[in-house]
Amino acid sequence: MIITVASGKGGTGKTTISVNLALSLNNVQLLDCDVEEPNCDLFIKSNIIEKKDVFTLVPEINKEKCIFCKKCTQLCEYNAIVVLEDKSFLIKEMCHGCGVCSYFCPEHAIIEQKKHIGVIEKGEKLGLQIITGKLDIGEVMAPFVIKEVKKNINKNQINILDASPGTSCSVVASIIDTDYVILVTEPTPFGLHDLQLAVDLLRSMNILFGVVVNKSDIGDNKVFDYCEKENISILLTIPFKKEISQYYAQGISMVESNSSYKEMFKNLYEKILKQIGNK
Amino acid sequence: MKEFVIISGKGGTGKTTLTASFIALEQNQIIVDCDVDASDLHLILKPEIKIKEKFIAGKTAVIDEKLCIKCGKCIECCRFNAIKDFKVYDIFCEGCSFCYHVCPVNAINMKDKFSAFWFYSNTRYGKMFHASLKPGEENSGKLISLIREQARNKALKDEKDLIIIDGPPGTSCPVISSITGVNLVLVVIEPTCSSLHDFKRVYELVCLFKIKILVCINKWDISKELTKNIEEYCLSNNIEIVGKIPFDKSIIKSLLNGKTVVEEYNNELTQTIKDMWIKIKKYLNNKGGKG
Amino acid sequence: MKLAITSDGIDLDAIVSSRFGRAKNFIIVNIDTMDFKCVENIQSINSVSGAGIQAAQIVANEKVDVVITGNCGPKAFKVLESANIKLIVNAGGSIKELIEKYKNGELKITEMPNVKGHWI
């Protein structure tokens, strides 16, 4: 079972839901796909048992073999290779690592070198396994690292994936092939607007989803009205409690501060199972 | 002409809400909303769209079923896992054309990928450039580069001194495109483990670009301990904290009314924001620059 | 001595255009004979990114000695530099006027790009 927790707007409580859900269930692992800003382990505080580097490939031109035929620069869609009369070089920041140039070079003058773009960490705490993807600062290929994180999905467990906020390709990479998405929102104009974008995305990808309204009493009713109008299931509402946010600030999860919250998250999971069953 | 961007690292720290207040205080500048993925600034500024343009992000491959012989060469060469069951998934296709070149029967064509609209609008506080990325599309930063360039050209043409940029969350392409070449960065943090953790990553990124950085702590009284941690971190790294805003539920009321906080209220909170803006302007006018 | 001047027009009376990467045409002039030709920059204009890089290669293929334009960014500058092509920026007026100014030594070669690059 794969459940991905996403949101349109950042800061709505996505990580709160992912972490607490993972801590309330059995036979579960948590995968942090928010590779630009992974936060789940701040709450789990796991013991890291394994670290794996993630590499992509970047081309390099062997100056001795290059005959300046310009085939590579003609093929490159990103203007990443410059070939002059007697010089050829790469403009690295334009390169997307697609491999066309080295494949078609008639002199085999282009070799691909490994480039470090991130790290996957596996941690463990009290039987819960957490896998965290971290994109190197300044790197841009987030979906690549997300795919590496997802290779750790275990079909025999409940996999909770924490996605990044928004609706762009990083989020798509996190939610593709999931069984269910929990969309976390807040009852404010920003929350509603971004929720609608996220709903559009999920509907275009035909993915089953439900909504959790966090800090449910700080704004107005528009989010609730929207969900009712659109026939969207509201799985859980969590009212704002200063104490919860204070614990959150310290890196203490809800269930850690008060284990009775586990019931709430177990019920959330049951509702999800029901919705999947009814489909 | 100076460019000032507000970012947050972690989302939801109050960046856009605060940016809107700065815009209302400055009154007459060029505004850019670089949070193209899930942009919210327009909900407060209510822009009147004057120009709407399509943004072509690149290309995407299309396989002609009738010509395809299912040899699988395209699937083998695609580094982006964009081809499944001999169908191209636009969402993952980076338009590199590898499959197009490798197909033995010319069954693949490259077509333009329209991924967003960008807009030039009027607001009550100045001209605004913004965009909306279609859900699922790549947010590579190209779109952001485009609207920033449009804004710079407009600022030069209209002789405006300041461009205020509402930046996106995170630390990758979109943020990089939002901060390159600016004079000053403000990071809005909240006193939580997550936000401090993410701030450190953002700080590393901004340092790579050697841009002056300032910090504002929002909802500071949620955790006095974390606020202290942030203050210590900033002190040891010579980062100035230009303001500390208390947690205030009434801020949401102004959002619900479609107004900036400084338009809605006139109290201790708004004074804090005004004092912050004065400090920021000093940096922009005197000390603004790389360093 | 060959000059390449960016322009939206097609002959020596045309005005120099301000953008290098996305200029419509390059007017390539042999200032010794005053023969000239108009080379289109369509490939670069159609590039989603890296237009400057593409334009610099087009100009390098024409074996020019100097480029005269309004603005030129860092990536295009790097390519021109690698091709040993000199650059003059902030140019205004017609191509004819600029050639005269160049011949009179009134135009200054720039040592670096004059506009910021666009990230990706």
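Predicted model: local features only at pLDDT ≥ 70, side-chain atom pairs only at ≥ 80, totals over all residues.
At the interface of chain B and chain A, 61 residues of chain B and 56 residues of chain A take part in the contact. The two chains bury about 5,000 Å² between them, and carbon and sulfur atoms account for 61% of this area. Polar contact was found for 20 residue pairs across this interface, with both residues at pLDDT 80 or more. Four salt bridges also cross between chain B and chain A. In one of these, B:Lys84 is paired with A:Asp177, and the closest N and O atoms are 3.7 Å apart. Several helices of chain B give two or more residues to the side that touches chain A, including H1 (15-26), H6 (173-179), H7 (193-208) and H8 (224-236). The largest share, nine residues, is that of H7(B). By class, this side of chain B comprises 26 nonpolar, 20 polar and 15 charged residues.

At the interface of chain A and chain C, 15 residues of chain A meet 17 residues of chain C. About 1,300 Å² is buried between these chains, 58% of it on carbon and sulfur atoms. Six residue pairs are in polar contact, both residues being at pLDDT 80 or more. One salt bridge was found here; C:Lys63 and A:Glu85 form a salt bridge through their side chains, with an N to O distance of 3.2 Å. On the side of chain A that touches chain C, strands E4 (81-83) and E5 (88-90) each give two or more residues. E4(A) provides the largest share, three residues. This side of chain A contains nine nonpolar, two polar and four charged residues.

Note on methods:
Residues numbered from 1 in each chain as written. Chains lettered and ligands numbered in written order. Heavy atoms only, no water. Contact = heavy atoms within 4.5 Å. Buried area = accessible area lost by both parts, 1.4 Å probe. Polar contact = N/O pair within 3.5 Å; in protein donor to acceptor, adjacent residues only side chain to side chain. Helix = DSSP H or I, 4+ residues; strand = E, 2+ residues; numbered from the N terminus. Nonpolar A, V, L, I, M, F, W, Y, C, P; charged D, E, K, R; others polar.
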